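I opened this model to go through its fold, its cores and a few loop residues. My entries follow in the order in which I looked things up.

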Amino acid sequence: MAAPPSSKRWLPLEANPDVMNQNVNSNEQFIWGLGVSPDEAECFDVYGLDEDLLAMVPQPVLAVLFLYPITRKSEEERIQQDSSTKEFSGGPYFMKQTVGNACGTVGLLHAVGNVTSEIKLVEGSYLDKFFKATANMDASQRATFLENDGEMEDAHSVAATAGETEASDDVDTHFICFTCVDGQLYELDGRRAGPISHGSSSSNTILQDAAKVIQKFIQKNPDSINFNVIAISKKTGA
């Protein structure tokens, strides 16, 4: 059963790796402070989708976050596709999004939640406890758990106000995550009925495979500049 939307709204996260890694304007930290060690993984900008620019991204890439503009056309396509999408019942770690503007945090939770076998979370940290607590929940229950989680709400709020642009809850952009699970590239969007498979992929090609899907998004909105791509990469030697 789909999770009902909540009246709760957070301030949106800026599409800025420094904000997602560690708040640059304070001593507070986001994913690093919540349980992803700086020695394990880090968020990086992807400056373009051609091969030369993709090659600049530190490898191996664990997941890809994509920010895109919400338009009438994109909403119509989402509703149409969801009408034929079966309710999520297995595969990658997936959760619904019921809190407004929480898509950046949900995207990061999707990213980290699907690579816990590849990176070691700090034992007893927020993320370690979050994924253990929600492991056997369905997508809607995970959404409710996050909605009622004051610790994550506080961490998100600090990160949302640490960016270079003035925070506002009036936005028309949305974060989604791409991850590779069991040899498949999945698009994870908490506003969708479930994960969407985009075909075969691997830990060595996830960035290039996600870039191909992202290019299709961009081609549908050729006049927009509201796109941003961030890779979460495993630190070398981690």
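I count two residues as in contact when they have heavy atoms within 4.5 Å. Leaving aside neighbours within four places in sequence, I find alanine 102 in contact with Trp10, Gln97 and His156.

Conventions, before going on. The model is predicted, and I require pLDDT of at least 70 for local features and 80 or more for side-chain atom pairs, while totals for chains, interfaces and linings use all residues. Residues are numbered from 1 along each chain as its sequence is written, and side-chain values use heavy atoms, with hydrogens and water left out.

Entry: overall. I take helices (H or I, at least four residues) and strands (E, at least two) as DSSP runs, numbered from the N terminus. The protein has nine helices and six strands. Buried means under 20% relative accessible area, exposed over 50%, and partly exposed in between, with a 1.4 Å probe and protein chains only. By that criterion 53% of the 238 residues are buried. Of the contacts with a separation of 6 or more, 74% are between residues 24 or more positions apart.

Entry: alanine 102. I place this residue in the loop between helix 4 (72-82) and helix 5. Alanine 102 counts as buried, at 1% relative accessibility. Its C-alpha is 9.4 Å from that of glycine 190, which is 88 residues away along the chain.

Entry: the sheet. I call two strands paired if DSSP finds at least two bridges between them. The six strands form an open sheet with antiparallel pairing, in the order 1-6-2-3-4-5. Strand 1 (41-46) and strand 5 (196-200) are the edge strands, each pairing on one side only. Neighbouring strands are turned against each other by 25° on average, direction ignored. Strands 1 and 6 (residues 228-234) pair in the antiparallel sense over six bridges. Phenylalanine 44 has alanine 231 of strand 6 as its bridge partner. Helix 5 packs on the sheet, touching strand 1, strand 2 (61-69), strand 3 (173-181), strand 4 (184-188) and strand 6. The direction of helix 5 makes about 5° with that of strand 3; axes are lines fitted to C-alpha atoms, for helices over the stretch in contact, and angles run from 0 to 180 degrees between N-to-C directions.

Entry: cores. I define a nonpolar core as a set of buried Ala, Val, Leu, Ile, Met, Phe, Trp, Tyr and Cys residues joined through side-chain atoms within 4.5 Å. The largest has 47 residues, and Phe30, Leu108, Leu127, Leu146 and Met152 have the most contacts inside it. Helix 5 gives the most to this core, with six residues. A second, separate core has 22 residues, among them Leu49, Ile206, Ala211 and Phe227.

Entry: helix 8. In this helix (residues 150-160), I list Met152, Ala155, His156, Ala159 and Ala160 as buried. Seen down the axis, the buried residues of helix 8 fall within an arc of 130° (taken from the directions from the helix axis to the C-beta atoms), so they line one face of the helix. Their cover includes helix 1 (17-21), helix 2 (31-34), helix 5 (103-113), helix 6 (126-134) and helix 7 (139-147).

Entry: asparagine 148. I find this residue in the loop between helix 7 and helix 8. Asparagine 148 is exposed, with a relative accessible area of 59%.
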